[in-house]
Amino acid sequence: YKRPHTTMMCAWWFLQQTYNGESLLYILDDGNSFKETQFIQNFGNRKVILHTVDFRFPTLAEKSNYIFQKLYEEYDPDIYVLWDSDDLHLPWRLEAITKGFEKDKSITFVYPIQTFSCAVHQKKFYLHNTFGRFHATLAFSRKAYINGCKYEVTKALAFDVTLLHKLLKE
């Protein structure tokens with residue numbers, strides 16, 4: 001929302017991925033940050049789509065559910081990977097995620113137990129646990145989505161925890 005500079009970096013990180021399979025980055029602009037209302041660009045096996053809506057989603061959970069539904073209806077992906085616009089994504093992220101799903105077909109979701117964050121003003125990286133704040137690192141299968149693993153609209157960041165509980169029950 002209102003971060004076109006980080007959104008362009010997000011797309012750049014996506015295009016740097018080592019994964020060679022077909023992949024799609026779906027950017028939902030609910031802040032009218034871009035001049036185009038619809039943009040589709042192909043980069044070999046990768047596609048970047050920008051979709052602008054003329055309203056603001058009240059919560060991140062509602063925005064995410066809207067994106068998941070659009071993807072399911074229009075592209076029916078095997079794996080949904082959240083790709084936060086203000087995060088750095090290492091070049092092997094998609095490759096590591098897809099290998100995890102390929103290794104065991106019964107897996108319905110993956111997320112790292114720990115992740116790095118950066119305090120830019122201090123020029124330091126910090127390693128911390130992701131529980132309770134993993135929405136930017138989550139990946140889940142089509143089966144999980146079809147079985148109702150969607151975000152519930154909750155206060156604060158509790159939507160991460162409620163989705164994790166749903167996925168663990170699956």
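These legends walk through several close-up views of a predicted model.

The model is a prediction in which local features need pLDDT of at least 70 and side-chain atom pairs count only at pLDDT 80 or more, while totals for chains, interfaces and linings use all residues. Residues are numbered from 1 along each chain as its sequence is written, and side-chain values use heavy atoms, with hydrogens and water left out.

**View 1. The whole chain and its confidence.**
Let us start with the overall layout: the protein chain has 5 helices and 8 strands, arranged along the sequence as α-β-β-β-α-β-α-β-β-β-β-α-α. Helices (H or I, at least four residues) and strands (E, at least two) are DSSP runs numbered from the N terminus. The average pLDDT, the predictor's confidence in each residue from 0 to 100, is 78 for the protein chain, and 73% of the residues score at least 70. Confidence is highest in strand β1 (residues 23-29), at a mean of 89, and lowest in strand β6 (residues 114-119), at 66.

**View 2. Surface and contacts of the chain.**
Of the 170 residues in the protein chain, 38% are buried; buried means under 20% relative accessible area, exposed over 50%, and partly exposed in between (1.4 Å probe, protein chains only). The accessible surface of the protein chain is about 10300 Å², and carbon and sulfur atoms supply 56% of that area. Accessible areas come from the Shrake-Rupley method with a 1.4 Å probe, and for residues only the protein chains shown count as cover. Among the contacts in the protein chain with a separation of 6 or more, 58% are between residues 24 or more positions apart. A contact here means heavy atoms within 4.5 Å.

**View 3. Strands β1 and β3 side by side.**
Here β1 and strand β3 (residues 46-52) pair in the parallel sense over 7 bridges; two strands pair if DSSP finds at least two bridges between them. You can find Ser 23 opposite Arg 46 in β3, and Leu 24 has Lys 47 in β3 as its bridge partner. Strand β1 is mostly covered, with 6 of its 7 residues buried. In β3, too, 6 of the 7 residues are buried, so this strand is largely enclosed by the rest of the structure.

Strands β5 and β8 run antiparallel and are joined by 2 bridges, and Val 110 has Ala 139 in β8 as its bridge partner.

**View 4. Ser 141 and its neighbours.**
Ser 141 is part of strand β8 and, at 8% relative accessibility, counts as buried. Leaving aside residues up to four places away in sequence, Ser 141 touches Asp 78, Tyr 80, Phe 101, Ile 107 and Thr 108.

**View 5. Aromatic pairs.**
There are 9 aromatic pairs in the structure. Rings of Phe, Tyr and Trp (its six-membered ring) pair if their centres lie within 6.5 Å; planes under 30 degrees apart count as stacked, over 60 as edge-to-face and the rest as tilted. The ring centres of Trp 12 and Trp 13 are 5.1 Å apart and their planes meet at 80°, so this pair is edge-to-face. Trp 12 is partly exposed at 41% relative accessibility, whereas Trp 13 is buried at 17%. Phe 68 and Phe 140 also make an edge-to-face pair, 5.1 Å centre to centre with 85° between the planes. Because Phe 68 lies in helix α2 (residues 60-74) and Phe 140 in strand β8 (residues 139-141), the pair ties together parts that are 72 residues apart in sequence. Phe 68 is buried, with 5% relative accessible area, and so is Phe 140, with 1%. Ring pairs link Phe 68, Tyr 72, Tyr 80, Phe 140 and Tyr 145 into a cluster.

**View 6. Asp 76 in its loop.**
Asp 76 sits in the loop between α2 and β4. Although Asp 76 is not a glycine, its phi is positive, at about 45°. With 37% relative accessibility, Asp 76 counts as partly exposed.
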